[in-house]
Protein chains: 2
Amino acid sequence: MRRFIVLGHRAITSSGFSLNDLCGSAGRLDVLIRCINSTFFLSHDMRRDIELYLVLQGEPDAPKTISLRGDELKYLNPDERSTGALVRNALMKKMDTADNTEIRSTPGIYISRDGFKDTLEKLSKISTLVYLKEDGGSFDSINPSKDLTFILSDDKNMSEEEESEISKFHPETISLGTISYHSDHCITIVLWNLDNKIM
Amino acid sequence: MRRFIVLGHRAITSSGFSLNDLCGSAGRLDVLIRCINSTFFLSHDMRRDIELYLVLQGEPDAPKTISLRGDELKYLNPDERSTGALVRNALMKKMDTADNTEIRSTPGIYISRDGFKDTLEKLSKISTLVYLKEDGGSFDSINPSKDLTFILSDDKNMSEEEESEISKFHPETISLGTISYHSDHCITIVLWNLDNKIM
């Protein structure tokens with residue numbers, strides 16, 4: 001199983017955004033939506049043995065985590081707008097602040113009140129965490145036969161507090177080279193490397 | 001210099017499409033628009049020494065080729081909708097059927113009446129053509145210091161006629177492995193390999 005966590009630093013936590021302005025009106029939710037595309041789509045096929053956790057830290061009701069599970073996903077198309085509509089459906093779900101039960105929105109898409117720390121904690125128990133970091137180690141250090149969860153940020157770097165939170169889980173760190181890429185491109189590159197077992 | 005040609009088999013050749021339905025109303029123009037994102041965007045930066053040629057073969061006025069030049073590009077954002085609007089602006093340009101002068105739409109975006117063959121011919125004179133093909137050779141066969149133009153298809157495979165057209169130019173062929181990826185993901189993978197000189 002492969003998993004990705006992407007931290008959306010100011011990604012909106014309500015459904016009050018326009019599908020016509022995913023960049024401007026939704027705290028760069030567009031970045032996270034492109035990560036959905038790169039996690040699941042193959043040519044005329046979908047990756048099934050994979051999960052994506054989008055941690056939303058923006059206004060007005062943070063935190064929330066939307067998780068997508070490849071083995072259950074339906075109704076997902078590769079374009080940003082229709083994927084944005086599925087994410088908006090999840091954000092329409094009424095959530096009790098006291099109760100952190102995960103709620104199913106559409107097949108394969110769930111929403112919870114988990115924050116970044118909760119998500120790291122949950123996934124560290126069932127997989128090896130790998131933090132993508134510019135000064136990280138080489139791909140060769142990763143064992144592709146392990147159950148791996150890769151940690152990425154959106155268009156903003158992790159803060160000192162977030163770095164410190166991540167480090168508590170002692171993740172492995174890897175680097176994709178000296179150039180810094182968009183989050184969705186990082187996911188494509190990591191998956192291609194895993195597909196071809198260079199890692 | 002790196003270049004990519006992407007063949008849009010049924011990509012619309014007029015501006016008569018909705019930005020709200022790039023998948024359905026525009027002959028899968030969404031596939032080509034995602035290729036623009038993966039060709040040019042780096043994290044908080046853009047690739048400048050690169051060009052992208054989108055060959056549109058759909059109704060009602062084929063062929064047309066939209067070319068994008070990294071060293072001149074302005075007003076490009078990573079989201080599909082705003083990129084779709086720039087492509088639509090180019091398709092609004094009035095073009096004489098007899099005259100094949102390239103017309104500038106916005107900075108770095110040009111449109112011409114070139115078809116697939118014209119584009120292959122033009123770029124074969126100034127660069128080494130490389131065809132991404134599932135039964136192609138290994139990355140190692142490519143010399144990254146050369147001026148390279150990679151040839152890709154959209155969501156449809158090349159037809160026999162198109163394969164035959166490509167083969168006249170005796171391109172090198174490379175494969176990204178046994179899995180078949182979306183066109184924009186292929187561009188990300190190729191560029192990452194070139195960045196890291198594995199090719």
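## Strand β1 of chain A and its partners

Strands β1(A) and β9 (residues 148–153) of chain A pair in the parallel sense over six bridges; strands are DSSP runs of E with at least two residues, helices are runs of H or I with at least four, and both are numbered from the N terminus. Two strands count as paired if DSSP finds at least two bridges between them. Within β9(A), Leu148(A) is the bridge partner of Arg2(A), and Ser153(A) is that of Leu7(A). β1(A) is also joined to strand β4 (residues 50–56) of chain A by seven bridges, again running parallel, with Glu51(A) as the bridge partner of Arg3(A).

The model is predicted: local features need pLDDT of at least 70 and side-chain atom pairs count only at pLDDT 80 or more, while totals for chains, interfaces and linings use all residues. Residues are numbered from 1 along each chain as its sequence is written, and chains are lettered from A and ligands numbered from 1 in the order in which they are written.

## Burial of β1(A)

Seven of the seven residues of β1(A) (residues 2–8) are buried, so the strand is largely enclosed by the rest of the structure. A residue is buried if 20 or more other C-beta atoms, placed from the backbone, lie within 10 Å of its own. In a regular strand the side chains alternate between the two faces of the sheet. Here Arg2(A), Phe4(A), Val6(A) and Gly8(A) point one way, and Arg3(A), Ile5(A) and Leu7(A) the other.

## The sheets of the two chains

In chain A, eight strands form an open sheet in the order β6-β7-β5-β4-β1-β9-β8-β10, with mixed pairing. β6 (103–106) and β10 (172–174) of chain A are at the edges with a single partner strand each, so one side of each has no neighbour in the sheet. Neighbouring strands are turned by 30° against each other on average, direction ignored. α5(A) packs on this sheet, touching β1, β8 (128–137) and β9 of chain A, and its direction makes about 155° with that of β9(A); axes are lines fitted to C-alpha atoms, for helices over the stretch in contact, and angles run from 0 to 180 degrees between N-to-C directions.

The open sheet of chain B also has eight strands, in the order β6-β7-β5-β4-β1-β9-β8-β10, with mixed pairing. Strands β8 (residues 128–137) and β9 (residues 148–153) of chain B pair in the parallel sense over four bridges, and Tyr131(B) stands opposite Ile151(B) in β9(B).

## Contact between the chains

The contact takes 24 residues from chain A and 24 residues from chain B, where two residues are in contact if their C-beta atoms, placed from the backbone, lie within 7 Å. On the side of chain A that touches chain B, α5(A) supplies the largest share, five residues. By class, this side has nine nonpolar, ten polar and five charged residues; Ala, Val, Leu, Ile, Met, Phe, Trp, Tyr, Cys and Pro count as nonpolar, Asp, Glu, Lys and Arg as charged, and the others, Gly among them, as polar.

α5(A) and α5(B) pack at an angle of about 75°, with their axes 9 Å apart. That makes α5(A) roughly perpendicular to α5(B), a term for angles of 65 to 115 degrees. His185(A), Thr188(A), Ile189(A) and Trp192(A) meet His185(B), Thr188(B), Ile189(B) and Trp192(B).

Note on methods:
A residue is buried if 20 or more other C-beta atoms lie within 10 Å of its own, exposed if 12 or fewer, and partly exposed in between; C-beta atoms are placed from the backbone. Angles under 35 degrees count as roughly parallel, over 145 as roughly antiparallel, 65 to 115 as roughly perpendicular and the rest as oblique.
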